[in-house]
Amino acid sequence: MAEEGRVASQPKVYSIAAHRGFADALVAGLVPRYSDSELGLSKLTLLLPSSRARRTVSEAFIRHAGEEGRSGLLMPRMAVVGDLDLDEALGPLLDPLGTSDIPPAIDPQRRMFALARLIADEMGDEAPKGGTLLRLARETGATMDRLLVEDVGPEKLVDEKVVGIFPDLSEHWQNSIRLFANVQSRWLAWLGAQGMLDAAARRNRLFDEARKAWKVNPPATPIVAAGVTSAAPALAKLLRVVSELPQGAVILPDFDLTMDGEVWDELGRAGAAPTPEDTAFASDDAVTHPQYHLKLLLNRMSVRREEVQPWHRKGMTAAPPERSHAISALFLPPEASKVWVDLKPEKRRLSGVRIMQAANPEEEAQAIALLVRKALSEPEKRVAVVTPDRPLARRVVHHLARWNIVADDSAGRPLSHTPAGRAFLLAAEVMAEGARAVPMMALLGHPLVDGGMERGRWLRRLRVLERALRGPRLAPGLEPARAEIVRIAEKRPEMGEWWAVAEQSLLPLVEVDRDTPAHLAGMIDTLAACAEALCGEKLWAQEDGRMLASFVEEFRLHARETGFTVAPRDVAAVLADAMEERAVRPPYGSHARVQVLGLLEARMNRADLVVCAGLNEGVWPARGSVDALLAPPVLRALGVPGGDFRIGLSGHDLAGAMGAPEVVLSRSERDEGGPAIPSRFLLRVQALLSDPTKEKDLSDKHLEETAIAFARAMNRAEPTPEYPRPKPTPGPQQRDVDISATALDRLLGDPYQFFAQKIMGLSDLDALDADPNPLWQGNVAHEILERWHVARKTDPAARIAPIMEEVLDKENADALVRGLWQPRLQRALEWIEETVDAYTDREVLAVEVKGSMQFDDVFVHGRADRIDRLEDGSLGIIDYKTGGVPKPSEVKAGYRLQLGVLGLIAERGGFSGLNGTPSRFEYWSLGSAKSKNPDNKYGFGFEETPLDRRNGLTSEEFLPLTAEFLTEAIQLYIKGAEPFTAQAKPNYPGYTTYDQLMRLEEWLPRQADEGDEA
C-alpha cells in the first residue's frame, strides 16, 4: 500500500475471466473490500463504460444483497465515462477540481447544422442540398470525433506521414481530405469564438483535469474503473492514474491471462510503435482479434501484461473454469491456432454451449422465443438474447409478445417507427409529395388521427374517399380529392363536412412551393401544428410523443439559429434521417428476467441462458466500415484504428457472452438476400469442437435441434387435400344474367372468370397511385374521341389536341404520366383526326353508342366505339384500341368476338336510329405503327381488320359464326347446367385477374398428369 496522499508505484489492474460473470463477480469482490459497516459502499465511486452498465451493476448489487439476506444496501456512486456527454456523470465528480473553467460542449443538433453551413460555404455551388448536406455534416462530425477521441489534432493532417501518402491517393480521397481539413479549421475557429468545445474534446479535458488532480492529490475515497475497455489515449492515461491510487483499481472484462507470450506478440504492436517514425498500427496487426483492443489499452496505460492480476471472486452465474480455457483457444490468432490439432480435451471443452442453425430469420426468431419461454418456466432463471441484428431482435420481441412476455429490448424503437413519430413523418411526406394519395390516405388513416370526432365515424368516411381515389396516379395537390368529395357529397352530405375538417389540417402542408428552399424551422412549425390538429393531444401523450416533442423543440431551435433552408420536397428525408437516431424505450412493464440486448448493451451483463443470435458474416461481426472522409492509409498514418478494429470488439463481445452457464449460438442459413455465410466466430467454434475420429464435426450434445423442430412444427399445418379445378355450378336463377359484347369471350374461353365477375359480382380493387393500366388509358382515349366526334358535328374544324388537354385535366392525370404517355397519345389521335377528316366515301354516324338485343331470350348488349355509314349504305363497326389488336386466328377460335356481337346487334336494329347491314369490321389502334403502317408520318396509329385474311374469316362468315358461338354459350351456361369450369380453354388470352381466386397454381400442374386437356 502506498503512502497516504501519494499514488502507488505498482498499478492495480485486474481481470475477471469470461466464465465468472463480470457484474456479479465484480460486486462479490467490491462489497467485502470497500463496504463500511455504517455507510456501506457510499464512499466508493465506480467508473463504468455506459448507462446500461450502470443499470447492470446496480442489479448485480441488488442480487448480491438478496443472496446475503440483507434488507438494504447503500450503493456506490456510479459515473459513466463512455458517453460523450459527461456533464451529468463525471462533471459533478470533477467540479471541485476546477472543471467549471472548461467550456461547455456544443449541442449535437446545433453542431450538425453549423457544420452543414460551413460545408455549404466551403463547397459553394458544388455543395449538396437538404438531407444530403446534413448527412455529410453528420459524417464530418463523426470523423472529427474519431480523431478527437484519439487525441489527433488538425495539425496532424499536414504531418509528413500524411503528406507523403497524399499524392498516392485517388482524386476522390484527395478532395475529401482537403474538404475535411478546411472545414475542420473553420469549425475550430467558429467553435472557439462561441466559447464551446466538441463533446469529445470536452471529455478529454475532463479526463486530463481528473488525471492531473488525482495524481497530485489522490482522493480520500476509493475509485474503481470497472469494465472500461475504451483505448482512447486520454481515458487510458486516467485509468493508469486510477490504477495507482491508494484505494483505486482498474478491472477489465474477459482479459485472457492464460495466453502465451508468443501469441500475445502475434497480435501486433497495438499502438506501441517501435520508433517515432513508425505508425502506431502495423498493416499485419491482428486488429480483428478479441484481445487486440485490450492490448492497445494496456499499451496506452503503460501497463505490462504480467502486471494484470486475476480477480479474486466469481459471480452467482459463473460457468465452469474450463469454459475460459476453451474461449482462449477458440480465438487464437491464425498461426497459434495450429495447436488445435494437439489440443487436449479439457482445453476445448464447451459443455453448456449449443449451436442452432435455422433455415431463415423467421424460423430463427421463433426458435429463440421458444428457448426463452422454456427457460422462464424455471424459477429465477434469467435469459438474455444478444444480437446486433435489429430486425431479428424485433422479431423475437414480437414472438414473445404472443405469450404475453414483454421483453426488455435495450435498443428500443427508432422514433420514426413509433406511432407519434410516424404520424409526424407522414405529415412531412404529404408536404414533400404534394398530398399524393398514398401518403395522404396513410396520414388520415393513422391510428392517432381522428380529427376530433369518434374514430369509427372518421374511418368510415375516410374509406369512402380512399375507394374513390383508387386507380391510376393522380396529380399532386388536394384537387383530385376535392373533385371526388363534390361528386360523393351529392348523395352523402356528411362527406362534405368530414372533408372540411381534414382539408383544413392538410391545406398548410400543400400550400407551399415544393421546389423552392424555405426555412426548415418554419416547416417544422407547420408540420407540428398540422399533426396536432389531426391527432389532438394524443400525439404528445405517450413516451414516443414526449420524445417527439423533445426532438421537435431541439431540431427547430437549432435549425432556426442557423437559418437552415431546405426544399419542401426534401423535408421528409431530412426528418427521417434525424429521427432514426432517436430511440424510444418503454418506461416500465417489461419482464424482469428477459432482456434483448445489442452488443454494446450486453457488455458486463450476465444471465443463466444467453442466446447469441444472428451469427452470420456481415451481421456478427459487421462488415468493416470505411470512413467517409479519410482514407484508411491516412487513418493508419494518424494512428487511428481502422474499420476492422470493430470486428475485434464484436469478437470480444461474443467471448464475454460465451462465459454464461448456458449458451446458444444461433444463425440462419438464409437471409433476405439469399444464402448467408456463417460468422467466422461460429466457424471457429465448429472447428474447435470437431473430432477427427468421428464422421460428424459436432457431437449431438452441441446441437440445438429441439427448438428448431418445435419452431417448424408450430408453422407446419396438416396437409390439405389437393384443391380441385374449380367448376362452380350455380342454379338457374343465378344463371339468368345478361351478356355484354366483351363478356362473350370470357364465357367461352374461361367460364370461371365470367362466373366470378358477372354472377358473383367480384372485381379487383385498384391500388392507390397505381401505374396507368390499359383500362384507364382506354377510357381516357375513348372519352377524348367521343368528345371530338361530338364537337365535329357542330364544328367540322374542331381539333382533337385541346380536347385531349381538357380530358387529362379532368382526370387529374399525374405530370409524369402526361409526360410519358401524352406525346404518344397525341400523335396517334392526330393520325385518327387526319384519317377521319380525309374521308369522302364514308361518314361517322355515331360514337360511343349503346345497343342491345334479345338473343335466344337472353338480353345481349354492348357499346360501339364508332359506327360509320359506308359508301354502299352498309355499316362499319369500329373499335378503338390503345395497344395491339386481336389476331384473326383468335377471332376464328371464338376468343375475340366483340365486333361480331356488336354486328349482330346492328343487324337486328339494336342501335337506336341506325339501320343497315354491317359489312366492315375494323380495329383502330393507337399503338406504334412501325410494322403495321410504315408510311404513317405520326409514328402511331394504324387500322386493321380481323377478317378477309389468311387463317381468318370473311365478312360473310363472321356474323353467322358469332351467332353460333353466342348460341352455344347461352345453351351451355345461361340456360343449361354446364359448370363454369376454370380455364376451359387454356389458350384463351384473357386477363389474370381471377387466377388467385381460382387458385390456378395449385391445380394447373396436375392437369397434364390427369390426362386433362389443360
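Visitor: In helix H2 (residues 51–67), what separates arginine 55 from glutamate 59 in terms of helical turns?
Guide: The model is predicted. Arginine 55 and glutamate 59 both belong to helix H2 and are four residues apart. That spacing therefore puts between them about one helical turn.

Visitor: At what N to O distance do the side chains of arginine 55 and glutamate 59 meet in a salt bridge?
Guide: Side chains of opposite charge can pair when their charged atoms come close. Arginine 55 is partly exposed at 37% relative accessibility, and glutamate 59 is partly exposed at 26%. Their side chains form a salt bridge, with an N to O distance of 3.3 Å.

Visitor: How many residues apart in sequence are the parts tied together by lysine 975 and aspartate 857?
Guide: Lysine 975 and aspartate 857 form a salt bridge, with their closest N and O atoms 3.8 Å apart. Lysine 975 is in the loop between H37 and H38, while aspartate 857 is in the loop between strand S20 (843–855) and strand S21 (858–869). The pair therefore ties together parts whose separation in sequence is 118 residues.

Visitor: Is aspartate 857 exposed or buried?
Guide: Its salt-bridge partner, lysine 975, is partly exposed at 41% relative accessibility. The cut-off for exposed is over 50%. Aspartate 857 has 68% relative accessibility, so it counts as exposed.

Visitor: How many salt bridges does a search of the whole structure find?
Guide: Among them are arginine 55 with glutamate 59 and lysine 975 with aspartate 857. A search of the whole structure brings the total to 57.

Visitor: Which strands stand at the edges of the open sheet?
Guide: Six strands line up in the order S7-S16-S15-S8-S14-S9, with parallel pairing. An edge strand here has a single partner, so one of its sides is left without a neighbour in the sheet. The two edge strands are S7 (353–358) and S9 (408–409).

Visitor: Which residue in S14 is the bridge partner of aspartate 409?
Guide: S9 and strand S14 (residues 594–597) run parallel and are joined by two bridges. In S14, aspartate 409 has as its bridge partner valine 596.

Visitor: Which backbone oxygen does the side chain of asparagine 936 reach?
Guide: Asparagine 936 lies in the loop between strand S23 (918–928) and strand S24 (940–944). Its relative accessible area is 11%, under the 20% cut-off, so asparagine 936 is buried. Beyond its neighbours within four places in sequence, asparagine 936 contacts Trp831, Ala929 and Gly941. At 3.0 Å, its side chain reaches the backbone oxygen of phenylalanine 940.

Visitor: What is the area of the nonpolar surface patch made by Met760, Leu762 and Leu997?
Guide: Leucine 997 is in the loop between helix H37 (955–974) and helix H38 (1000–1009). At 39% relative accessibility, leucine 997 is partly exposed. Together with Met760 and Leu762, it makes a nonpolar surface patch of about 250 Å².

Visitor: What percentage of the residues of the chain count as buried?
Guide: The chain's secondary structure comes to 38 helices and 24 strands. Its accessible surface is about 46,200 Å², with 50% belonging to carbon and sulfur atoms. Of its 1014 residues, the buried share is 53%.

Note on methods. Residues numbered from 1 in each chain as written. Predicted model: local features only at pLDDT ≥ 70, side-chain atom pairs only at ≥ 80, totals over all residues. Heavy atoms only, no water. Buried < 20%, exposed > 50% of the residue type's maximum accessible area, 1.4 Å probe, protein only. Polar contact = N/O pair within 3.5 Å; in protein donor to acceptor, adjacent residues only side chain to side chain. Contact = heavy atoms within 4.5 Å. Patch = residues over 30% accessible without salt bridge, like charges linked within 9 Å, V, L, I, M, F, W, Y side chains within 5 Å. Areas by Shrake-Rupley, 256 points an atom, 1.4 Å probe, with all protein chains shown as cover. Salt bridge = Lys/Arg side-chain N within 4 Å of Asp/Glu carboxyl O. Pairing = 2+ DSSP bridges.
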